[in-house]
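Me: I am new to this structure and would like to learn how to read its strands and sheets. Please take me through them one feature at a time.

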Amino acid sequence: MLLKHQTMDIRLLIPWLFFLVTVNGLRDVRVTVPAAVKRGDNAELICLYDMEGDSLYSVKWYKGRREFYRYTPKENPAMKTFSVNGIIVERSLSDESRLTLSSVQPSVTGKYSCEVSADAPSFHTLIESGDLEVVEVPEHRPFIVGIRPRYRVGDSLRANCTSKHSKPAANLTWIVNDLPPNPLYVRTYRTSKDHRNDFETSLSGIQFVITDQHFIKGKLKIRCVSQIHDIYFQKTEKTIEHDRPKPSASASNSVNNINTNPYDYQPHDSDVVDKQDTYMTQIQGDMSSLSGYKTYAASTTTLMYSLLFSIFLSKFYSFGS
C-alpha cells in the first residue's frame, strides 16, 4: 500500500516539474520582418528570444513551409543555407539573431517564420512569423492632367492624377492648399493591370467649384501624392492663377472719362442744345445792339447836317442886308 501511494505522489509531481522547466526555459520569441522592401535592396529579418538559462539548440528560418536557413551553434559549420527560389542569404550579415536577404526580387515576397529551439533537456520550441512584400516602385512621378493655368471664381475644376507601372498599385492622395479636400470631391478609379508584367496603374480624380476662399494671395495649389508603404513617396504640384474678369470696353470708357481730364469731357445732347441756345441768344443780342448803334449814328448825322444848313442860311441873310 505504501508503494502505491508513493507512485501516485510522483505522478502528481510530473506536471509541476514540467511547469518549472517551461518557466525557466525559452520564452518571448519576437520577429521583425519588413512589410515592404524595394526590388533590388537588401532585406534584414530579426529574430529575438529569451533563453532564461536554457542553451540554444537551433534557429531556423522558413519561407512558407520550406526551411532555407539554419543556425546551430554546437555544429560546425554553425550556419547552413538551403536552396529556395529567389532567396539569396548574405552570410556575412547573418547569425543566430539576424538574417539578411540580398538583392531581393518579387519572388521573395511571402510569409517568413523564425523557429527557436532550446537544447536538452527541455527542447522547448517557439515560432513566430511576419509577411514581407517586394515592391516594384514607379519609374516616374505621378502626373496631373486636365488643369488649366488660370481659373475664375465659379469655374469647375476637373483633374486626374495617374501613377503608372508599380507593384502593388500606389495609393494616391489629393492635397488642396496644404489641406485634404472634401472626400465628396475625390473619385478613385479601379486599378488597371498590365498582364505582361503584373504592373499596376492607379488613377484618381478630383472635381469642385472654385470659390474666393480657394485663392491665397491669388494662387491655388493642387498636389497629388503617390505612396507605397513607407518606401516610396513622390508628389506632383500644380499652381493655378486667379483669372480676374476684365471690365468691358464701354464700362472702362465710362470710368476713365468721369472728370479725369476736362479736355476729354463729352457732353450729353441736352448739354449741347443748351449751349447752342445760349450761343444763339448771345449772337442775337449782339446783333440787336449793333442795329441800335447804327440808328443812333444815322440820327446824329442828320442833326449835324441840319445845324450846318441853318448856319449857312443865317450867314446868307446877313450878307444880303
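Me: In what order do the four strands of the open sheet lie?

Reply: In this predicted model, the order is S11-S18-S17-S13, and the pairing is mixed.

Me: Which strands are the edge strands?

Reply: An edge strand pairs on one side only; here these are S11, residues 150–151, and S13, residues 171–176.

Me: How many bridges pair S17 with S18, and in what sense?

Reply: To read a pairing, look at the direction of the two strands and count the bridges. S17 covers residues 219–228 and S18 covers residues 232–242; they pair over 10 bridges in the antiparallel sense. For a place to start on the model, find Ile-228, which stands opposite Tyr-232 in S18.

Me: What should I expect of side chains along a strand?

Reply: In a regular strand, side chains alternate between the two faces of the sheet.

Me: Is strand S16 mostly covered or mostly open?

Reply: A residue counts as buried when its relative accessible area is under 20%. By that cut-off, eight of the 11 residues of S16, which spans 199–209, are buried, and the strand is mostly covered. For the protein chain, 29% of the 321 residues count as buried.

Me: Which strands are joined to S16 by bridges?

Reply: Take them one by one. S12, residues 156–166, runs antiparallel to S16 and is joined to it by nine bridges.

Me: How many helices and strands does the protein chain have?

Reply: The count is three helices and 18 strands.

Me: What share of the contacts comes from residues 24 or more positions apart?

Reply: Among contacts in the protein chain with a separation of 6 or more, 61% are between residues 24 or more positions apart.

Me: And what is the accessible surface of the protein chain?

Reply: The accessible surface is about 22300 Å², and carbon and sulfur atoms hold 56% of it.

Key:
Residues are numbered from 1 along each chain as its sequence is written. This is a predicted model: local features need pLDDT of at least 70, side-chain atom pairs count only at pLDDT 80 or more; totals for chains, interfaces and linings use all residues. Side-chain values use heavy atoms; hydrogens and water are left out. Buried means under 20% relative accessible area, exposed over 50%, partly exposed in between (1.4 Å probe, protein chains only). Contact means heavy atoms within 4.5 Å. Accessible areas come from the Shrake-Rupley method with a 1.4 Å probe; for residues, only the protein chains shown count as cover. Two strands pair if DSSP finds at least two bridges between them.
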